[in-house]
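Have a look at the sequence and the model, then read on.

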Amino acid sequence: MSRKSEAILDLREVSASEHVALALTHYKHLPKGDKLVLQGPSDLTALRAALEREHPGAYSWQILEEEQLVEVELGKLTSHPLPRVVHNTRASRSETDTFNGARWRLDPVDRDLDANVIELAPESSIGEHLGPELDVLIHVISGTGQLHTETGAVDLAAGDVLYLPARSSRGFTASTEGLRYLSVHQRKRTGGLMPTRRKETS
């Protein structure tokens with residue numbers, strides 16, 4: 001098999017913790033239609049899983065050798081990652097479910113957005129806090145509750161779309177039927193996900 005037009009990436013001297021990131025970087029800069037031959041350890045399962053997460057349907061994977069030296073031909077089928085379904089917000093939830101927190105998160109590493117499906121169990125809440133240094137858009141998927149602001153509470157119902165300006169004070173309380181919503185905002189490059197408590201004024 002001719003390899004003149006194919007790049008070869010030798011992963012045998014790269015640690016298992018690094019070869020996935022290295023291979024993904026090379027794939028990202030590969031022109032559409034080109035192929036990359038990977039020479040590596042016997043187990044490339046983690047790399048295949050990462051490709052499925054980041055580029056589903058946009059790559060080809062052909063095993064060339066499986067004995068002493070594992071070789072895989074990785075082809076780039078598209079110029080950019082493909083649009084795809086990443087979650088279904090209509091997934092049913094048990095009536096006895098008391099889950100609180102992020103039920104789903106957008107997980108591709110190479111992304112510009114953060115998105116989460118947040119669930120609050122009946123009559124639970126997220127205390128009032130200052131939001132991050134970016135705007136947040138929220139879509140109420142199901143349930144009812146209230147959004148707490150500096151001047152009062154706003155009733156929430158399924159279908160509502162909320163705009164939370166950067167650094168605005170907000171808190172959430174679920175009704176007896178619970179509350180589930182999708183939040184979307186520009187990806188946070190630094191800092192944690194914990195809310196910042198509002199400073200008390202005298």
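This is a predicted model: local features need pLDDT of at least 70, side-chain atom pairs count only at pLDDT 80 or more; totals for chains, interfaces and linings use all residues.

## Rings together

Let's start with the aromatic side chains. The structure holds one aromatic pair. Its partners are Phe172 and Tyr181, and they count as stacked because their ring centres are 4.9 Å apart and their planes meet at 25°, under the 30 degrees used as the cut-off.

## Charges over rings

With Tyr27, it's Lys76 whose charged end sits over the ring, 5.3 Å from the centre. With Phe99, it's Arg103 that lies over the face, 4.2 Å from the ring centre.

## A nonpolar patch

Now for the surface. Leu137, Val161 and Tyr163 make up a nonpolar patch there, and together they have about 320 Å² of accessible area.

Take Leu137 from that trio: it belongs to strand β8, which runs over residues 136-149. Its relative accessibility is 45%, so Leu137 counts as partly exposed.

## Positive phi in two loops

Glu123 isn't a glycine, yet it has a positive phi of about 65°. You'll find Glu123 in the loop between β6 (113-120) and β7 (125-130), and at 61% relative accessibility it counts as exposed.

Arg167, also not a glycine, has a positive phi near 65°. Its loop is the one between β10 (161-164) and β11 (169-186). Arg167 counts as partly exposed, with 37% relative accessibility.

Notes
Residues are numbered from 1 along each chain as its sequence is written. Side-chain values use heavy atoms; hydrogens and water are left out. Patches are made of residues with over 30% relative accessible area and no salt bridge: like charges are joined within 9 Å, nonpolar side chains (Val, Leu, Ile, Met, Phe, Trp, Tyr) within 5 Å. Accessible areas come from the Shrake-Rupley method with a 1.4 Å probe; for residues, only the protein chains shown count as cover. A salt bridge is a side-chain nitrogen of Lys or Arg within 4 Å of a carboxyl oxygen of Asp or Glu. Helices (H or I, at least four residues) and strands (E, at least two) are DSSP runs, numbered from the N terminus. Buried means under 20% relative accessible area, exposed over 50%, partly exposed in between (1.4 Å probe, protein chains only). Rings of Phe, Tyr and Trp (its six-membered ring) pair if their centres lie within 6.5 Å; planes under 30 degrees apart count as stacked, over 60 as edge-to-face and the rest as tilted. A charge sits over a ring if NZ of Lys or CZ of Arg is within 6 Å of the ring centre and within 35 degrees of the ring normal.
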